[in-house]
Amino acid sequence: MPRIVKDFKEQKEELPQIGIQYIKRGVSMNTVIYYFSGAGNSLSIALSLAQKLPDTKVESIMSLYRNAAIPASCEQVGFVYPCYYGHPPKAVTEAVRNIRLSKQQRIFCVVTFGGFFGQSLIDMKRLLERRTANDIQGFSVRMPGSHILGYPAFPEFLQRFLLRKAEKKIGKIAAYIQNSTPTRFKNATVLEKLLRSFTGESDDKLPNFGQMGTLFYAAGTCNQCGVCSKLCPVNNIRVCSDQIKWGNNCCQCMACIQWCPQKAVAYPSIPIDRPHYHHPAIGLDQMLAYQKPEGIRGDF
Ligand SMILES: Cc1cc2nc3c(=O)[nH]c(=O)nc-3n(C[C@H](O)[C@H](O)[C@H](O)COP(=O)(O)O)c2cc1C
Ligand code: SF4
Ligand code: SF4
């Protein structure tokens, strides 16, 4: 067994479980971390942070669509999410726009990204800054890229390198959070401002973003297990009697393609044997342990 696999198996055993239960290290709940994750990177960062912070609960950001009120008992709220095209995913910005929190609650944001996180911290800061009396903290963690429609999985040595580096960085981020150390949000470069004028505050202004999902299809190896449909955070996949259908509300998280047990999710002009990636220490069970919003779904 290659060493990389063994390392991650060991790591997986150490990771706490998501949602459902609190990660108790005291009497009261202190922090809730809301995550959004397609390939498991942001979920792994949320879980690692929760291990390092006292009294922390990890919850899917999609649960905010059901209940937008952040519990009053919670002193800090964290958001951990991927960068999509230099922005936070629309599913994240829409959930955050509606949250109800008190001005005393402290907020931190952690973006995970593959190479260039652009506006994805600044966008969240802008959305949240009037909602809290405290400074918002912003952090970025570089992780293996998940955009399989753009490129194959990073080589294993690079994955291993990035994930080890990320783990170290989480230790530092946890210390910053616990000490409420201010962080700097870098100003947008001219190029980023230009990009922003096209794309707004999230990925939602990108042309045909949701529509792109309709191009997915299941190849012959599909056994109709339904995993893709259960995983899709925006209910954009339907298992029909003889086929799997993708709707027009895709948020391009890549979960369906990256986690399909048969590697049967296909896309025009992308080789079906292109190497897939999902975070090696996150299990499918952990990816599935979140509440989906009602009322969000694609048209088929
Ligand atoms: C649709 C899409 C767009 C992406 N755009 C960017 C980007 O602009 N910059 C970047 O550095 N990484 C980008 N990535 C890579 C992800 O941000 C990165 O791999 C992230 O850690 C994935 O987290 P997740 O597994 O929690 O979804 C993109 C990934 C996807 C699926
Ligand atoms: S996860 Fe893969 S094998 Fe299962 S139904 Fe979806 S496409 Fe088919
Ligand atoms: S259809 Fe696939 S890529 Fe699109 S949102 Fe659903 S799981 Fe993510």
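**Figure 1. Ligand 1 between two domains of the predicted model.** In this predicted model, both domain 1 (3-193) and domain 2 (204-288) give residues to the shell around ligand 1, and the ligand therefore lies between them. The shell holds 25 residues, and the closest to the ligand are Ser37, Ala39, Asn41, Ser42 and Pro82. Helix H2 (41-52) supplies at least two residues of this shell, as does strand E4 (106-113).

**Figure 2. The packing of helix H2 against helix H5.** Helix H2, which contributes to the shell around ligand 1, also packs against helix H5 (residues 156-178). The axes of the two helices are 9 Å apart and form an angle of about 50°. H2 and H5 are therefore oblique to each other. Their crossing is right-handed. On the side of H2, the contact is made by Ile45, Ser48, Leu49 and Lys52, while H5 provides Ala166, Glu167, Ile170, Gly171, Ile173 and Ala174. The residues of this contact divide into 6 nonpolar, 2 polar and 2 charged.

**Figure 3. The packing of helix H3 against helix H4.** Helix H3 (residues 90-97) and helix H4 (residues 120-128) have axes that come within 10 Å of each other and cross at roughly 15°. Because this angle is under 35 degrees, H3 is roughly parallel to H4. H3 passes H4 in a right-handed crossing. Thr93, Val96 and Arg97 of H3 meet Asp123, Met124, Leu127 and Leu128 of H4 in the contact. By class, these residues are 4 nonpolar, 1 polar and 2 charged.

Figure 4. Which residues come nearest to ligand 2? Of the 13 residues around ligand 2, they are Cys222, Cys225, Val227, Cys228 and Cys260. The shell around ligand 2 consists of 9 nonpolar and 4 polar residues, and no charged residue takes part.

**Figure 5. The surroundings of ligand 3.** Ligand 3 is surrounded by 15 residues. Cys232, Cys250, Cys253, Ala255 and Cys256 are the closest of these. How many residues of the shell around ligand 3 are nonpolar, polar and charged? The shell has 11 nonpolar residues and 4 polar ones, and none that is charged.

Terms used: Residues numbered from 1 in each chain as written. Chains lettered and ligands numbered in written order. Predicted model: local features only at pLDDT ≥ 70, side-chain atom pairs only at ≥ 80, totals over all residues. Near = placed C-beta within 6 Å. Helix = DSSP H or I, 4+ residues; strand = E, 2+ residues; numbered from the N terminus. Domains from an automatic or database assignment. Axes fitted to C-alpha atoms, helices over the stretch in contact; angles between N-to-C directions. Parallel < 35°, antiparallel > 145°, perpendicular 65-115°, else oblique. Left-handed = near helix turned anticlockwise from the far one by under 90°. Contact = placed C-beta atoms within 7 Å. Nonpolar A, V, L, I, M, F, W, Y, C, P; charged D, E, K, R; others polar.
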